[in-house]
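Reader: I have a structure open here and I'm new to it. Can you take me through it?

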Amino acid sequence: MSKKINLFFKGIVDVLPLLIPVVPFGVIVGAIGIELGFTPLETYATSLIIFGGASQIVFLQLFSGGASSIITISSTFVVNSRHLLYGASLSEYLNKLTIGWKLLLSYLLTDQAYAVSNIYFEKNKNENLKHFYLLGSGFILWFVWQIFTIIGIFLGSIVPEELGLAYTIPLTFISLLVGYFRKFDHLIVIFTSGVLSIILYQAPLKSYIILSSFIALALAFILIKLKKENSI
Amino acid sequence: MIWYGIVISGILNFLTKFLSLTYFDTSKMNPFVKKILSYVPSAVFPAIIFPGIFLDSNGLIDFENNPKIYASIIAVIIGVLSRNILATIFSGLAAYWLIIFI
């Protein structure tokens, strides 16, 4: 029993440094929801049900901008599709768990929980209770996210519009790309997607995010192919 | 309408994680697919960033006297140098407020 609790807390402690940016991001999501005209309950529901910062912002932004449901939902899905990699990458460690555990851990799986768990799992392949580590890191992030979106919801109704809170949306996404700025092929993909989104902004149904993303991903596909051929 | 949207997006987000955790396995996954997925943030996020910076509230291109452009350049520079998420957000926001209030 104590082993389970130990692993649970180890997960919490290890993910703590990664939670620092989660705090302002949570506040931003809560405040943006209110600023875009959603009710506190609707805004909070995105944190509980969608539970993914980037996806929530895209969802709120597109929905309030008059995009159709299909475009909103599919754009949110595209933003989220990176999680495919997380689940797939952890599955070799977690495939023996019961369905209940898999349901719970899938809900709690986030960028940050994945980052620390993947490292821990690689080093502790034979630890039978290692899923408690992911439970701890996933749970604490979930908890912090819920609390700070609620705080953001309160702040959103207080903060004056002159502060330009909407600008925190592009700013937050810039910060999520800092790890890629030094990679040349990523820079090409970044600029292609960005320029396309401006050109395609007037495309029907606010489809610019999904269109630009797919064209930029196709370019990434070509870049990887070229790189591969050159390295052989 | 909004509630359907939230619930469907929530289910899709959950299924992305649950199905990949249950049925995919990167150790058996095509390395090429893996590589492509690693480009998802670079392909998706700029489509949110660029319109947020370069377009005004009417969706028109706004290059002149646009404080968001200068603030974003500072944020990117700080981001490249520090590789720190918080430093990037706060330097950009500080620069933005400095420009619009002074």
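Author: We can begin with the contact between the chains, keeping in mind that this is a predicted model. Chain A puts 75 residues into the contact and chain B puts in 62 residues.

Reader: Which helices of chain A supply at least two residues of the side that touches chain B?

Author: They are α3 (40-50), α4 (53-64), α5 (69-80), α6 (83-94), α7 (99-108), α10 (168-176), α11 (184-199) and α12 (208-231) of chain A.

Reader: Which one gives the most?

Author: That is α6(A), with 11 residues on the side of chain A that touches chain B.

Reader: And how do the residues on that side of chain A divide by class?

Author: The side of chain A that touches chain B has 45 nonpolar, 25 polar and five charged residues.

Reader: What about confidence in chain A?

Author: The average pLDDT of chain A is 90, and 99% of the residues score at least 70. Among the elements of chain A, the lowest mean pLDDT, 83, belongs to α6(A), and the highest, 97, to α3(A).

Reader: Staying with α3(A), how does it pack with α2?

Author: Helix α2 (residues 22-35) of chain A packs with α3(A) at an angle of about 145°, and their axes are 9 Å apart. The crossing of α2(A) and α3(A) is right-handed.

Reader: Which residues make that contact?

Author: From α2(A) come V29(A), G30(A), G33(A) and I34(A), and from α3(A) come P40(A), T43(A), T46(A) and S47(A). By class, the contact of α2(A) with α3(A) has three nonpolar residues, five polar and no charged ones.

Reader: Is F51(A) buried or exposed, and why?

Author: F51(A) is buried, because 22 other C-beta atoms lie within 10 Å and the cut-off for buried is 20 or more.

Reader: Which residue of chain B has a positive phi although it is not a glycine?

Author: R83(B) does, with a phi of about 50°. R83(B) is in the loop between α5 (67-82) and α6 (85-101) of chain B. R83(B) counts as partly exposed, with 13 other C-beta atoms within 10 Å.

Reader: Last topic. What domains does chain B have?

Author: The domain assignment of chain B gives domain 1 (1-38) and domain 2 (44-102). The C-alpha centres of domain 1 of chain B and domain 2 of chain B are 30 Å apart.

Technical notes. Residues numbered from 1 in each chain as written. Chains lettered and ligands numbered in written order. Predicted model: local features only at pLDDT ≥ 70, side-chain atom pairs only at ≥ 80, totals over all residues. Contact = placed C-beta atoms within 7 Å. Helix = DSSP H or I, 4+ residues; strand = E, 2+ residues; numbered from the N terminus. Nonpolar A, V, L, I, M, F, W, Y, C, P; charged D, E, K, R; others polar. Domains from an automatic or database assignment. Buried ≥ 20, exposed ≤ 12 C-beta atoms within 10 Å, placed from the backbone. pLDDT = per-residue confidence, 0-100. Axes fitted to C-alpha atoms, helices over the stretch in contact; angles between N-to-C directions. Left-handed = near helix turned anticlockwise from the far one by under 90°.
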